[in-house]
Amino acid sequence: MTGTTMTRPRRDGKNPTVGKGRGVPRLLTRVAVFAVIAAVPPLLFDDYWVFMAAQVLAFAVATLGLDILYGRTGQMSLAHASFMGVGAYTTYVMANHGYGPVMQLAAVIGVALVAALVVSVPTLRLSGMRLALVTLAFGELLAWAIRNTTDLTGGTQGASVDPFLFGRLDSSEPLHAYLIALVPAAIATAFAVHLGRTQLGRRMLAIRDSELAAESVGVAVARTKITAFLISAVYAGVAGWLYAGITGFIAPPDFDLFASVYLFVAVVIGGAGTVLGAWLGASYVVLMPEVFTLAGQPNLYPIVGGALLAIVALVVPDGIVGLGRNVWRRIRGVRGDEEESK
Amino acid sequence: MLTLESVKGWYGSTQALFGVNLRVPPGKTVALVGTNGAGKTTTLRAILGAVRTEGSVRVDDVDISAKPTHRRVNDHHISVVHEGRGLLSQLSVLENLTVGANRAQRARIDEVLDLFPALQGRTHQKVSLLSGGQQQMVALGRALLRDPKYLLLDEPGLGLAPVVIDEIYRYIAELCSRGMGVLLVEQSVARAASVADELVLLRVGTVDRVIDTTDSAQVDQLVADAFGVHH
Amino acid sequence: MSTTTDAPHVRTEGLTVRYGAFQALRDVTVSLPAGGISGLIGPNGAGKTTLLNAISGFTPIAEGSVHIGHRNITALGTRRRALAGVVRGFQTVRLMERESVLTNVLVGTERLPQPNALAQFLALPSQWRARNRDMAAATEVLDLLGLARQAHRRVDELPFASRRLVEVARVLVSAPSVILLDEPAAGLDQEGRQELAAVLTRVHENHPSTMVVVEHDVDLVKSLCSYVIALDSGAFLRDGTPAEVFGDRQVQLAYFGRAASADA
Amino acid sequence: AGCGNATGDSNSSAGSSGSSTNGCDTKEIGPGVTDSEILVGTTMPLSGSGAAGGLGTKEGQEAYYAKLNAEGGVQGRKIKPIILDDAYDPSTAQKQMRQLVEKEEILVVSGGEGTPNFLGAVPYLDRKKVPAIAPYAPSDELGGDKNQYVFMATVDYIQEFEILTDYVLAQETPKKMALVGVAGNVGDNAKLGMEKALEGKGIELLYVPETPGTTDFTPIATQLKQFNAEYVFLILTNADTGGLLQAMSRIGYTPKTGAWAGMSDDSYIKEFGALSQDMLVALETSSLDSENPLVKQFVADFTAQTGKAPSKFNQLGWVQAQLTAEALKRAEGLNRGCVIEALETFENFETGILPPVTWGKGDRAGVDAVGIGQIKGDKLVVLEETKSLQK
Amino acid sequence: MGDLGQIILGGVTTGSLYALFLLGVLIVFQVSKSMNFAYGQVGMIAAFSAWFFYSEQGLPVPVALVIGVLIAVIVNSAIDFAAIRRIPAGRPGLDLVVTLGIFLLITAVMQQLIDANAHTFVSLGADTRTEVAGVVVSMSDGIVIGLTVVTVLAAYLLLNRTSLGTSLRASAEDAGIAQAAGVNVRALRTATWAVAGLIAAVVAILVASRLSVDAFYMTPFLIKAFIAGMIGGLDRFWLPLVVAVALGVYESLAVYLLGASAGTPAVFLLIIVVLALVPKRFVNERNEVRA
Ligand SMILES: Nc1ncnc2c1ncn2[C@@H]1O[C@H](COP(=O)(O)OP(=O)(O)OP(=O)(O)O)[C@@H](O)[C@H]1O
Ligand SMILES: Nc1ncnc2c1ncn2[C@@H]1O[C@H](COP(=O)(O)OP(=O)(O)OP(=O)(O)O)[C@@H](O)[C@H]1O
Ligand SMILES: [Mg+2]
Ligand SMILES: [Mg+2]
């Protein structure tokens with residue numbers, strides 16, 4: 001195509017911008033796909049894998065939250081696992097006082113919001129690695145607090161959390177845990193998808209890319225950053241709640257710096273800024289070790305896991321989603337060119 | 001002679017150049033014109049080796065298409081004014097001017113500052129604090145400091161006041177007459193026609209035609225064809 | 001585009017901006033006619049961008065005041081001014097590079113009344129109404145600027161000139177009452193310039209606004225602006241119709257002149 | 001209330017219904033048992049900062065089972081151990097334990113190494129009613145009547161430090177003692193043990209908690225020097241123990257020292273012995289050059305199996321496997337209920353390596369004694385074999 | 001008084017080690033705008049393999065040390081060559097992910113190749129000491145502080161008094177533009193990473209001689225150095241280095257005065273307070289200098 005018939009784009013009257021009509025069927029397809037995928041683990045796999053699937057759900061809620069904060073708002077946080085910890089330990093304390101899962105969840109959300117305010121307000125002016133550092137400080141402080149409140153939190157040895165009981169569902173059963181986790185995961189996903197189509201979501205993108213430009217159109221930078229922090233902390237808190245209920249045991253290492261780094265890894269590997277990426281990332285970090293188990297080498301993962309991580313990250317710099325998108329564009333791009341040359 | 005032979009260029013998987021042929025002899029100014037998105041900038045990038053290319057780029061009969069950018073620039077005395085300035089915003093004005101330059105080139109700093117009095121006295125300021133036009137002067141200054149054999153200019157007049165533009169083109173014409181080859185990207189065909197010896201019209205990544213600027217009828221035709229003044 | 005009240009009059013009084021010992025603006029008192037398109041010219045470093053920065057709140061003011069209509073906005077922050085209707089474009093484009101053209105333009109709708117964050121997040125009906133309105137506004141602007149076909153392309157893949165137009169579109173989408181554009185035509189080809197001028201004129205006709213355009217392209221200023229202000233070395237030099245200003249000897253000397261100094 | 005609640009709550013509920021531990025149905029064949037094989041398994045840190053202990057223990061277990069299998073196995077079946085890596089992380093340990101129980105389908109948990117990680121798996125084992133035999137996870141959360149399914153064979157740190165302090169008090173009466181411990185439960189427990197022993201004796205105790213990863217030990221060393229205790233007890237990682245001793249000697253403060261059982265490991269003595277001369281060390285296992293014939297037998301057997309001399313952790317792994325095998329031997333049916341009943345028949349069972357092991361209904365403590373050793377030159381000299389609190 | 005002096009000396013020495021280590025982080029950051037999470041492990045390789053060669057393989061100590069340092073230099077250059085360099089521009093966070101992978105890889109490999117235990121290292125002057133005004137000063141303290149001062153000064157001169165410094169910073173900001181200006185970005189990067197590897201190795205060996213060596217011991221150093229770097233700013237020179245030394249002293253004082261478990265929260269509270277209170281221009285990383 002040497003394009004002798006180049007049309008000047010700006011004189012082209014037709015307008016493919018807004019596809020209003022496509023909205024509803026597209027939504028339905030997505031819901032259907034989600035439902036089909038969600039049905040796979042309980043129908044096809046044994047208890048162990050259903051348990052792993054439930055873990056993926058819990059982590060996906062966390063990565064979706066981190067993605068809102070990092071992928072969309074550009075605020076790097078190395079305390080996301082700590083917010084999960086806040087959720088998990090709140091759950092534990094509430095359970096010890098005899099409250100059921102619903103009250104636990106309400107308390108988790110409340111505590112997460114407060115914790116997010118405490119972290120986000122003093123750090124409003126920070127960005128990049130510096131912000132990461134301060135959030136890391138929050139993580140360290142949490143670890144320190146747990147170490148020093150053995151009576152309340154079980155201390156360094158961790159604590160076992162009573163399973164959730166919803167009617168006949170008991171979260172110590174993998175299948176039940178999976179079903180319980182499915183609901184918050186689906187809701188979290190729906191909200192995250194929706195966020196991308198709101199002005200709030202665009203404010204976040206604007207802040208990520210240029211605070212000056214954002215201000216020039218009237219975006220409240222500080223308020224939006226805090227909002228992003230709050231949303232992401234609630235997501236993390238809910239993830240912590242799920243995690244505590246599903247695994248039944250929580251300990252400080254589950255929520256330490258490395259845990260936070262792994263959530264960060266999940267977001268980047270999956271594809272920052274995309275909902276699908278957050279899911280793929282969560283699946284990667286939870287399931288990758290299992291691949292080695294399947295291959296009959298369960299103890300090989302720690303040795304080659306690092307190399308694998310580096311390689312994957314280099315092969316898919318835009319995340320797994322970015323890879324898919326590139327392939328898709330290549331296919332579509334070819335088609336598009338053909339259309340144009342006609 | 002700077003020669004491009006059927007040069008193709010890609011951004012990732014999208015192709016932007018579809019076989020560009022071009023020659024810039026020493027002592028001549030060749031202007032690349034074309035609508036927005038025609039591939040003018042990409043052509044310059046191809047010469048520098050900053051996009052993935054196929055085809056051959058030769059300087060004085062040496063094929064440089066396999067060389068890394070810094071070798072092309074240093075060994076073959078090419079320098080460039082990037083589109084939209086391409087300055088290093090963390091560096092000072094002086095550092096922006098001298099980065100990568102050798103000792104002899106650095107010695108020419110005063111000459112360049114004479115050309116842009118606006119920069120005098122602010123050489124230690126961060127370049128991002130300058131006004132848009134002053135930044136463009138730094139970009140030009142960096143290219144001129146190197147006393148190149150071939151100068152690639154991507155819209156050198158961007159953001160400059162008329163008085164400065166005139167002066168710049170006068171200076172370039174002078175360098176050109178001393179044997180420098182200039183490849184100029186210019187939005188204004190009129191301006192291009194007035195300074196260049198040859199106009200090269202790019203369309204969707206290929207050379208549509210090459211005309212001599214002394215033939216004003218052809219220039220008018222080119223403007224009419226390419227920029228569609230007919231509506 | 002939603003229409004707001006009549007275009008206000010923009011005034012600065014004794015505006016002085018200092019960077020250390022350097023005075024980027026000295027005692028500038030200008031008045032931009034309500035509902036007109038004004039051109040702002042001057043040699044490089046004259047303080048044009050700084051004046052826009054001062055009006056839109058992007059630089060601290062040492063002395064003087066800025067007024068929109070009858071309102072003194074000197075004490076307002078950047079964001080407040082934007083919400084009050086003062087929206088500007090940047091001389092170097094500032095876009096969300098990895099997002100689509102459409103998203104970039106939609107960000108500009110921030111100024112339109114938006115439901116609160118919770119309502120947006122929870123997808124309440126007010127959110128859907130706002131979304132439809134914003135989409136309509138964005139589509140209109142993209143059409144106007146000939147960017148409709150690129151709506152879903154990523155900004156960093158666009159040629160330089162289109163990116164400029166995206167920046168302009170982001171400013172126009174919320175139909176602000178004071179529009180400040182900093183060299184919107186830089187990098188556009190000839191036809192592009194003419195079209196941009198036509199678009200700006202049309203926007204201005206459809207919707208009353210006070211527009212300020214910084215430009216070095218004399219023809220463009222002449223064809224677009226009814227009123228021109230010339231600055232030099234941070235000081236007010238001359239104002240009037242384009243013919244008057246460009247005919248002024250002092251302006252000619254500073255702007256086109258053979259006078260050796262291009263400096264402020 | 002209190003810290004016991006952490007796992008206490010779920011345990012007590014398991015405990016109350018736990019009297020119905022399925023019982024022993026001699027005809028039932030448990031998971032992991034085939035005609036030729038019995039699967040057992042556990043998790044240990046095989047990578048990460050805790051790997052040293054896990055790797056050694058694993059080697060010990062594997063050597064014992066190899067020897068046993070060569071001699072014909074148990075009840076006509078070979079024992080196949082599966083040891084997974086938990087990287088010293090509680091949640092990984094739990095996940096791996098699920099894998100062992102649900103996918104590999106092991107019969108019982110054979111040993112284990114590391115306290116926090118193993119504790120992570122305990123609630124799950126509890127729920128699944130899988131007995132765990134002699135894991136090395138000294139904690140006041142386990143042992144005694146605390147958990148139905150975990151059969152401990154080590155004392156916890158409270159007891160260990162009580163015994164260690166008692167030993168010192170029996171020799172002399174220092175005016176001041178100090179303890180440097182890993183901040184958190186471990187350090188707290190050691191402190192508790194010392195306090196118990198020092199109660200009413202009028203001896204001052206300074207407790208300095210330490211966080212792993214300390215980069216400069218000068219402040220701690222200076223603090224200790226200022227306090228000027230005659231005895232400093234330590235419960236830290238090998239590296240931090242070495243670092244602190246070095247800092248103390250750098251500022252010229254050389255008190256008498258005592259430490260937890262971890263310091264009785266060869267690799268510690270080899271590396272830090274020079275810094276630790278005359279250090280008192282708790283001994284959870286007998287010293288390797290003990291005159292006890294059972295120990296001599298072990299050393300010979302291990303060397304025959306692997307071609308090298310055993311380390312402390314090898315010894316630990318070996319004895320874990322030994323106890324597991326013994327329980328399987330005694331079990332009247334190869335299922336979990338019968339194994340539990342078999343375990344409850346252990347009374348002063350002599351391994352030579354550990355103090356005599358006793359489990360019974362409602363008693364999972366196993367042992368209540370540690371020995372006392374002292375580092376002399378590059379040797380560990382046994383001062384007292386297994387000293388019990390009971391007497 | 002003597003005690004306080006002792007604490008401060010310990011703090012200054014440890015702080016110097018942070019600073020020297022941070023210097024390596026800074027120069028890498030300034031030329032490739034990336035953070036190397038595996039940097040501590042690179043140093044660990046040097047010390048751990050040196051230990052292995054002299055203690056297990058019986059090589060003379062100096063030879064073993066040289067081999068260790070060489071390995072670290074090669075490994076660090078290789079990290080850039082094989083990984084960092086291949087990260088496309090504009091992917092913030094990817095460098096952290098990639099180097100985290102390398103961190104895990106190096107740790108696992110060293111554990112496999114050598115072992116998971118802690119070992120004492122040659123003392124390098126740690127046991128030669130004198131007492132000055134009640135404060136015990138060891139030769140190791142002198143070596144550490146002296147070496148830090150000399151290296152930092154040399155680096156300062158190199159970066160700021162030579163055009164090399166400009167080229168380095170240019171490459172960091174935009175490799176494409178720097179190349180078009182004639183800078184050999186690749187060679188510069190390789191050289192920088194090699195020098196950084198050398199610094200990491202030296203620091204790791206000094207640390208090992210004062211504490212002990214295993215596969216993990218450098219991680220706390222890395223974190224402290226990062227902290228200092230981020231308080232001071234990674235694109236500056238003196239400020240972060242001074243912060244590093246101050247951090248060492250502060251930490252020691254906090255531990256001494258408030259107790260060991262106060263060390264961590266004290267450091268982190270310091271960070272929060274400092275970063276929340278300093279003027280915005282010190283914390284602005286985006287460099288949107290003017291509109
Ligand atoms: N980074 C990029 N990724 C993908 N496509 C690109 C990229 N940069 C440019 N293009 C595409 O390549 C084509 C040529 O662009 P180029 O920048 O060379 O045009 P130009 O003639 O310089 O335009 P202008 O006059 O606006 O500067 C355009 O279609 C553009 O969309
Ligand atoms: N933040 C700042 N710090 C220091 N100097 C500044 C700053 N902002 C502007 N200046 C200086 O103020 C003067 C006016 O700058 P301004 O950007 O307003 O010029 P301008 O008229 O827009 O010029 P141009 O046409 O080149 O864009 C310039 O000399 C510039 O260097
Ligand atoms: Mg271009
Ligand atoms: Mg300007």
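A: Start inside one chain. D225(B) forms a salt bridge with R209(B), and their closest N and O atoms are 2.8 Å apart. Here a salt bridge means a side-chain nitrogen of Lys or Arg within 4 Å of a carboxyl oxygen of Asp or Glu. The pair links distant parts of the chain: D225(B) sits in helix α9 (residues 216-227) of chain B, R209(B) in strand β10 (residues 206-212) of chain B, 16 residues apart. Helices (H or I, at least four residues) and strands (E, at least two) are DSSP runs, numbered from the N terminus. Side chains of opposite charge can pair when their charged atoms come close. Over all chains, the search finds 48 salt bridges.

This is a predicted model: local features need pLDDT of at least 70, side-chain atom pairs count only at pLDDT 80 or more, and totals for chains, interfaces and linings use all residues. Residues are numbered from 1 along each chain as its sequence is written, chains are lettered from A and ligands numbered from 1 in the order written, and side-chain values use heavy atoms, leaving out hydrogens and water.

Now the place you asked about: chain E against chain D. The contact (heavy atoms within 4.5 Å) takes 36 residues from chain E and 33 residues from chain D. About 2700 Å² is buried between chain E and chain D, with 53% of it from carbon and sulfur atoms. Buried area is the accessible area (1.4 Å probe) that two parts lose on being put together, summed over both. In chain E, T120(E), L211(E) and Y256(E) lose the most area to chain D, together 18% of what that side buries.

How many salt bridges cross the interface of chain E and chain D? The rule finds 1. E56(E) pairs with K270(D), the closest N and O atoms being 3.7 Å apart. Between chain E and chain D, 12 residue pairs are in polar contact, both residues at pLDDT 80 or more. A polar contact is a pair of N or O atoms within 3.5 Å; within protein, one must be able to donate a hydrogen and the other to accept it, and residues adjacent in sequence count only if both atoms are side-chain atoms.

Several elements of chain E each supply at least two residues of the side that touches chain D: α1 (2-32), α2 (39-56), β2 (135-138), α8 (185-210), α9 (219-232) and α10 (238-258). The largest share, 7 residues, comes from α1(E). By class, this side of chain E divides into 14 nonpolar, 15 polar and 7 charged residues. Ala, Val, Leu, Ile, Met, Phe, Trp, Tyr, Cys and Pro count as nonpolar, Asp, Glu, Lys and Arg as charged, and the others, Gly among them, as polar.

What about the other chains? Chain B and chain D do not touch; their nearest C-alpha atoms are 35 Å apart. No contact joins chain C and chain D either, with closest C-alpha atoms 33 Å apart. Among the 8 pairs of chains that touch, chains A and C have the most contacts.
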